[in-house]
Every structure is written in C-alpha cells, then in structure tokens.
Amino acid sequence: MEKFDKLTGVAAPLPIVNIDTDMIIPKDYLKTIKRTGLGTGLFSEMRYLEDGSENPDFVLNKPAYRNSKILVAGDNFGCGSSREHAPWALADFGIRCIISTSFADIFYNNSFKNGILPIVVSKDELEKLLDDAERGSNATLTIDLEAQEIRGPDGGVIRFELDSFKKHCLLNGLDDIGLTMERASAISGYESKLADTRPWA
C-alpha cells in the first residue's frame with residue numbers, strides 16, 4: 001500500500017448528505033475482486049448520462065476537478081452496504097483523502113486499509129473547506145498527516161484528530177498484510193519453536 005505523508009491537490013466539493021456506497025460504486029461494478037479499473041465506475045450514476053456520455057454538471061467532470069485527489073463531502077459519507085469496492089473505486093480514481101463531518105464506520109475503517117485518509121471536521125470547518133473547494137483549480141489543499149493539519153489556499157490551518165494506530169499504518173503504508181509482515185520474524189521464530197516442541201503439529 002502506498003504511504004501517506006503529505007498530500008497537496010485540488011479539492012472537489014461534493015456537498016451531498018448520506019452518500020452511500022451504492023452511489024460511490026453501483027452494484028453493476030461488483031463482479032470483480034480486482035482493485036483496479038473501478039475508477040471508471042466511481043459515482044457513475046451521477047457522472048454519466050443515460051447515453052453513457054459524461055454529465056457536464058457533475059463536479060469530477062469539470063476541467064478544474066478532473067484530477068482531484070481530495071473530496072470535501074456532506075455528512076455521513078460512505079453509509080449503506082459494507083462493500084469494499086467503494087474505497088477501491090475512490091483510490092483507483094486517484095482520491096487519497098475525504099473530508100466530512102462524519103463517516104459510516106465500516107467505510108471509515110476500509111478507507112485506511114486502502115490508503116485513503118478520511119478526516120472528520122466540524123460543520124463550520126466543513127463549510128469553510130467547501131468554500132475553498134468552490135474555487136476550482138485554485139482549490140488546493142495540503143493534508144499533512146504527521147502534523148494532523150489541513151492547510152487551505154489562504155494559509156488557514158485546520159487540525160484534525162486521528163487514532164494513533166491508523167496514523168501509523170497510513171504513514172508506513174501498512175494494510176493488513178503489511179502489518180502481518182512486520183511480525184514475520186516473530187512468526188517464523190514461533191513456528192520453529194513449535195516444530196521443535198510439537199513435531200507432530
């Protein structure tokens with residue numbers, strides 16, 4: 001998993017409340033267990049018109065936001081089903097950070113396991129960040145994970161809270177497999193000892 005330290009990028013405003021995982025990646029895209037290629041289906045019901053062409057009114061189709069790495073979204077982001085395809089699709093599109101006032105628990109935890117930083121801010125702070133994001137290509141935010149700060153285009157700073165273990169995992173690019181491999185020598189030592197003391201096992 002790619003490490004997350006500092007991220008500077010254009011923030012796209014998505015001020016919709018209760019964006020669920022079916023809106024993030026509709027069920028039609030759940031036929032694969034690959035993490036790649038799902039970016040094309042991200043928000044597909046909002047991104048595309050019935051004829052398959054792009055919806056010019058959707059924020060990620062606008063020139064200023066096509067390469068956004070940060071989403072500033074409404075309350076209760078990622079609610080609904082527990083599909084892990086939702087963070088897969090966001091990551092495949094290039095989204096590395098989502099800022100909201102709250103997240104559904106399963107989506108929140110799945111995001112960390114896929115290299116995405118979900119940040120919880122207050123309603124007032126979200127309003128300020130949405131105003132910043134409305135500036136288009138000038139809506140550049142810097143996310144400093146080590147300092148736990150969001151730095152706005154005007155130099156303003158918003159601090160955020162984060163569990164120290166989740167922070168450690170993102171800073172070091174550790175998903176569940178990476179965490180297991182950190183203990184590879186201890187696991188190997190245990191297995192060797194077990195083989196000596198219980199050869200029948």
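Ser68 counts as buried, at 1% relative accessibility; buried means under 20% relative accessible area, exposed over 50% and partly exposed in between, with a 1.4 Å probe and protein chains only. The model is predicted, so local features need pLDDT of at least 70 and side-chain atom pairs count only at pLDDT 80 or more, while totals for chains, interfaces and linings use all residues. Residues are numbered from 1 along each chain as its sequence is written, and side-chain values use heavy atoms, with hydrogens and water left out.

- Ser68 sits in the loop between α2 (44–47) and β2 (70–73); helices (H or I, at least four residues) and strands (E, at least two) are DSSP runs, numbered from the N terminus.
- Beyond its neighbours within four places in sequence, Ser68 is in contact (heavy atoms within 4.5 Å) with Val10, Ala11, Ala12, Leu60, Phe93, Gly94 and Ile95.
- Pro13 is 55 residues from Ser68 in sequence, and their C-alpha atoms are 9.8 Å apart.

**Helix α4**
- In helix α4 (residues 105–113), Phe107, Tyr108, Asn110, Ser111 and Phe112 are the buried residues.
- These buried residues pack against α1 (21–24), α3 (85–93), β3 (97–100), β4 (117–120) and α6 (164–172).
- Gly115, which follows α4, has a positive phi, near 80 degrees.

**Asp124 in α5**
- Asp124 belongs to helix α5 (residues 123–133).
- Asp124 is exposed, and its relative accessible area is 67%.
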